[in-house]
Amino acid sequence: MSYCIMRVEKRKRPALYGLQIEANRTADDHEKGRDFAASDIQWDLTPFNMFLVKSENWNKAVTQAFKEAEVQERKNSVVVLDGFYGASPDWFKDKSLDEIVDYFQECLAFHEKTYGKVINAVIHFDEATPHLAVLSLPLIEEDGRTRLSAKEIMGGRTDYRRRQDEFFEQAGKPR
């Protein structure tokens, strides 16, 4: 039985650098000795990773977006939502590259609609199972003002389950 996977977590500013070097990794990183202990990265496949949205410096991108939106960040604010979209290995068995990329583009569209403005999205083809890593800003526009609220966007357990069902309907359901 094959299935699709969606996971979204709140992240604070100190986590950005580590998340960025893992998501935006290059074969040069490996040659310089930067490895990720608990990963199954096949470094010879890293050049085949595909960026759907790319930010070279996540810290600067977050700061700039908040400045443009005139959002005040508190010291311990959740500044981004870190998304992971994948599927079981069975799901990928008879899929072409175009079908896989289409699936991840649907995942990206779902994430942006549900979780906010995306600043980075990369399909990792260099691990055992392809997956999409997405980073978005938890900004809410209301009454002509923008504010930061990951808590409101993420909601509670029931909200998360409902969004997983919506994700399945929009991106994961067999067609």
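In which loop is S149 found? S149 sits in the loop between β7 (145-148) and α6. The model described here is a predicted one.

S149 is buried, its relative accessible area being 13%. A polar atom of the S149 side chain lies 3.2 Å from the backbone nitrogen of E152. Leaving out residues up to four places away in sequence, S149 touches P138 and I140.

**The sheet**

Five strands make up an open sheet, arranged in the order β1-β3-β5-β4-β2 with antiparallel pairing. The edges are held by β1 (4-12) and β2 (50-53); each has a single partner strand, so one side of each is left without a neighbour in the sheet. On average, neighbouring strands of this sheet are turned by 15° against each other, direction ignored. Within the sheet, β4 (residues 118-124) pairs with β5 (residues 131-136) in the antiparallel sense, over six bridges. V122 stands opposite A133 in β5.

**Helices across the sheet**

Helix α5 (residues 97-115) lies across β1, β2, β3 (78-87), β4 and β5, and its direction is at about 150° to β3. Helix α7 (residues 157-172) lies across β1 and β3, running at about 130° to β1.

**The nonpolar cores**

The largest nonpolar core has 30 residues, of which Y85, Y103, Y115, L132 and F167 touch the most other members. At least two residues of this core come from each of β1, β3, α4 (89-92), α5, β4, β5, α6 (150-154) and α7. The element that gives the most to this core is α5, with eight residues. Y103 touches C4, I5, G86, A87, W91, F167, A171 and G172, when residues up to four places away in sequence are not counted. There is also a second, separate core of 17 residues, which includes V71, V79, V80 and L148.

**Residues of helix α5**

H111 has its place in helix α5. H111 is buried, with a relative accessible area of 0%. Residues up to four places away in sequence aside, H111 touches V8, L81, G83, Y85, G116, V118, V134 and S136.

V101 is likewise placed in helix α5. With a relative accessibility of 10%, V101 counts as buried. Apart from neighbours within four places in sequence, V101 is in contact with M50, I123 and F125. V101 and Q42 are 59 residues apart in sequence, and their C-alpha atoms are 19 Å apart in space.

| Residue | Relative accessible area |
|---|---|
| S149 | 13% |
| V101 | 10% |
| H111 | 0% |
| C107 | 0% |

**Cysteines**

How many disulfides does a search of the whole structure find? The search finds zero. C4 is in no disulfide, and the nearest cysteine sulfur, that of C107, is 7.4 Å away. C107 is buried, with a relative accessible area of 0%.

Technical notes: Residues numbered from 1 in each chain as written. Predicted model: local features only at pLDDT ≥ 70, side-chain atom pairs only at ≥ 80, totals over all residues. Heavy atoms only, no water. Pairing = 2+ DSSP bridges. Helix = DSSP H or I, 4+ residues; strand = E, 2+ residues; numbered from the N terminus. Axes fitted to C-alpha atoms, helices over the stretch in contact; angles between N-to-C directions. Contact = heavy atoms within 4.5 Å. Core = buried A, V, L, I, M, F, W, Y, C linked by side-chain atoms within 4.5 Å. Buried < 20%, exposed > 50% of the residue type's maximum accessible area, 1.4 Å probe, protein only. Polar contact = N/O pair within 3.5 Å; in protein donor to acceptor, adjacent residues only side chain to side chain. Disulfide = S-S within 2.5 Å.
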